[in-house]
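Subject: Structure handover

Hello,

The structure you asked for is below. My notes on it follow.

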Amino acid sequence: VDGYEHGAGTFTEANQRSKYRGEFQRGARHGHGVQIWETKTYDGQWKNNRVHGRGELSWRVTGALYKGLFENGGYHGHGCFQSGDGKEGYIGQWKEGAKHGVGKQYWRDGRVYEGSFERNNPHGFGCMAFPSGSLYTGNWKHGMRSGQGIEIEAGGNLLFCGLWHENVPQKANTTLLQQIADDMSIPSQQYEIRKDTLDIKRSSSSGDSGFRTGHDAESIFWDY
């Protein structure tokens, strides 16, 4: 239309390192399309030449996968990220390419966290299970236990209950356990965080269900 690509078509970069197949609108990638680079492939929605909407981004060498929502080129909204070996993962909310909001994450070293995130770190209220079997439930700040919280060992014995600062216990509070249970209404299942809650099968790019998560996500903000 008027000299622009419009409708379904294919575009290959002059250096042959990138190829797009899908919909165009007045010369811009817009609608559904597949972009193939040397190291990764994106299959999903576009808006004015930027990844925008629901899509799937996969890396051929590492096998890493993100599937979910994008906005203006970055992860934004609900989405899942997994490493190629499935030993690290995140499922939950994203904002401008970072984990932000409510989500669940497990790490390669065996830690599992469920709760609030801010800019890729646990921040706010959440629960973390450690490889030792101990469990911390309480407040976080920039990825560290800070504020009121409780740590319980694998056998169920109380390790510490009270005020924390940058992962270090500060002042005990023997009434905190009941306060948190009553005031914050912690559901009992939050004491049973398991890695397999994130083990969701990978599916095709269509539909809303069927992710297999894993991988501590990097922030990607593309500028095409």
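Phe 125 has Asn 139 in strand β12 as its bridge partner. The model is a predicted one, in which local features need pLDDT of at least 70 and side-chain atom pairs count only at pLDDT 80 or more, while totals for chains, interfaces and linings use all residues. Residues are numbered from 1 along each chain as its sequence is written, and side-chain values use heavy atoms, with hydrogens and water left out.

Strands and hairpins

Strands are DSSP runs (E, at least two residues), numbered from the N terminus, and two of them pair if DSSP finds at least two bridges between them. Strand β11 (residues 121-129) is antiparallel to β12 (residues 135-141), and 6 bridges join the two. Their hairpin has 5 residues between the strands, and Gly 133 takes a positive phi near 100 degrees there.

Strand β10 (residues 112-118) is also joined to β11 by 6 bridges, again antiparallel. Val 112 has Ala 129 of β11 as its bridge partner. This hairpin has 2 residues between the strands, and Arg 119 in it has a positive phi near 50 degrees.

Buried here means under 20% relative accessible area, against over 50% for exposed and partly exposed in between (1.4 Å probe, protein chains only). Ser 146 sits in strand β13 (residues 144-152) and is buried at 14% relative accessible area. Contact means heavy atoms within 4.5 Å. Leaving aside neighbours within four places in sequence, the residues in contact with Ser 146 include Asn 139, Trp 140 and Trp 164.

Thr 41, in strand β4 (residues 40-47), has a relative accessible area of 19% and so counts as buried. Its side chain makes a polar contact with the side chain of Arg 60 at 2.6 Å. A polar contact is a pair of N or O atoms within 3.5 Å; within protein, one must be able to donate a hydrogen and the other to accept it, and residues adjacent in sequence count only if both atoms are side-chain atoms. Beyond four places in sequence, Thr 41 is in contact with residues including Val 34, Ile 36 and Leu 57.

Ser 83 is in the loop between β7 (74-82) and β8 (89-95) and is buried at 2%. Ser 83 lies 6.6 Å from Leu 65, C-alpha to C-alpha, with the two 18 residues apart in sequence.

Regards

Definitions and conventions: Helix = DSSP H or I, 4+ residues; strand = E, 2+ residues; numbered from the N terminus.
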